[in-house]
Amino acid sequence: MDNLKNRYAAMGVGEAVYEYGSKILEKLKDRFREFDETAEYNQLKVLDAMQKCMVSEACLLGTTGYGYNDLGRDTLEKVYADVFHTQDALVRPQITCGTHALSLALSGNLRPGDELLSPVGKPYDTLEEVIGIRPSRGSLSEYGVTYRQVDLLPGGGFDYEAIERAITPRTRLATIQRSKGYQTRPTLSVAHIGELIAFIKAKKPDVICMVDNCYGEFVERVEPSDVGADLVVGSLIKNPGGGLAPIGGYLAGTKECVENAACRLTSPGLAKEVGASLGVLKDFYQGLFLAPTVTASALKAAVFAANLYESLGFAVVPDGRESRHDIIQAVTLGTPEGVLAFCRGIQAAAPVDGHVTPEPWDMPGYDAQVVMAAGAFVSGSSIELSADGPIKPPYAVYFQGGLTWQHAKFGIMKSLQSLVESGVVEERALLC
Ligand SMILES: *Cc1c(COP(=O)(O)O)cnc(C)c1O
């Protein structure tokens, strides 16, 4: 009665799927040990920062109104600066999402006449309107900031010759996206980002190198700020919020870069001095404390899914053996039914809204219908187990998150069960 297989069966995962998944997992022990060791390293890094900054019970309380002298907020920003080895940080519930954090970093640090360079190809979709690649109200382009882009080479490497040519006396800031996001290019390792930054700085030392760190935090032992980035930026409803932060974004970097962004978030003259933390500080601290292990859970989930679906003949990016630099896993299922069944399986494993059936819909900003599976405690949180897939060729799903490895494992088992039940995967494929 009390064995695991029966528990899975009671929750709709049949024996064939359970045994097949277990066999795949057997081979992943060494990979998982690596993730656990990285989590241990980063757990100590976070703990050390909290102790050095003397986080105290009073820091967990919040302020209201202007938020002058908010001890918890100011201490938390010191903790982030210590974790990322930067001079300063801005960590606020007033930063509404990752896009907002990136927008603050860019608009705070660029001035009319400056040029922004992306040496790693097209940035994340939502940044197109921030920059003005797609004309948009209030974009950097409207403020006289120009944009130049150098695409990655076909193999995913940096096109150093083109980057060198693209750096002009007006180049003020280089934006470097670590995660592939929803593109097919490889995610950049921190070491690789370091090489790019060194190249840019050798050519023009005063270029601010900013890294979009979304989905990358705590995946490695080092962060881009350890290899020369002037500013790293991300969302608190991804890795560093540990699943507990209910909102927020962060920037960590040089004193000047952070101050410039703070002047945009609040106001020139007020900068970091205002911004009440309300009641979120305890969750920001505790979420950061949990973030290294939560990230490890998400990494195990990604690698399990990669190996499971690769073994069944589906294309996966990254593949089952590649080293990991973010938590996103793409699986190409090849048919609309496959995408739908996968997402429905993930949804059926959710602790919230597990009873609902995801349907494809016309999401603003997308050129095809998108189906999303998300049953999260924090709405839209993608450090929680989630998946989404545009209903268009090649019919791939993007899958990420998992607050606990045990839950993520169950979710992936459910996705396979759902594919079997809908006939996309034949049960006899699991028996060999
Ligand atoms: C999530 C993400 C963002 C920001 O997205 P929000 O939905 O606004 O938080 C930016 N860049 C990358 C690479 C991301 O993954």
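## Strand β7, inside and out

Let's start with strand β7: G249, L251 and G253 point one way from the strand, Y250 and A252 point the other way, and all are buried (under 20% relative accessible area, with exposed meaning over 50% and partly exposed in between, using a 1.4 Å probe and protein chains only). The strand covers residues 249-253 and is mostly covered, with five of its five residues buried. Strands here are DSSP runs of E with at least two residues, helices are runs of H or I with at least four, and both are numbered from the N terminus.

Keep in mind that this is a predicted model, where local features need pLDDT of at least 70, side-chain atom pairs count only at pLDDT 80 or more, and totals for chains, interfaces and linings use all residues. Residues are numbered from 1 along each chain as its sequence is written, and side-chain values use heavy atoms, leaving out hydrogens and water.

## The neighbours of β7

Strand β1 (residues 88-92) pairs with β7 in the antiparallel sense over five bridges, and D88 sits opposite G253. Two strands pair if DSSP finds at least two bridges between them.

Strand β6 (residues 231-235) also pairs with β7 in the antiparallel sense, over five bridges. Here S235 is the residue opposite G249.

## Helix α12 meets α10

Now for the helices. Helix α10 (residues 281-311) packs with α12 at an angle of about 25 degrees, their axes 8 Å apart (axes are lines fitted to C-alpha atoms, for helices over the stretch in contact, and angles run from 0 to 180 degrees between N-to-C directions). The two helices are therefore roughly parallel to each other; that label goes to angles under 35 degrees, while over 145 is roughly antiparallel, 65 to 115 roughly perpendicular and the rest oblique.

On the α10 side, the residues in contact (heavy atoms within 4.5 Å) include F304 and L308, and on the α12 side they include W405 and I412. By class, the contact of α10 with α12 has eleven nonpolar, two polar and two charged residues (Ala, Val, Leu, Ile, Met, Phe, Trp, Tyr, Cys and Pro count as nonpolar, Asp, Glu, Lys and Arg as charged, and the others, Gly among them, as polar).

## Helix α12 meets α2

Helix α2 (residues 15-26) packs with α12 (residues 405-421) at about 130 degrees, with axes 10 Å apart. That makes α2 oblique to α12. Among the residues that touch are V17 and L25 of α2, along with W405 and V420 of α12. This contact has eight nonpolar, three polar and one charged residues.
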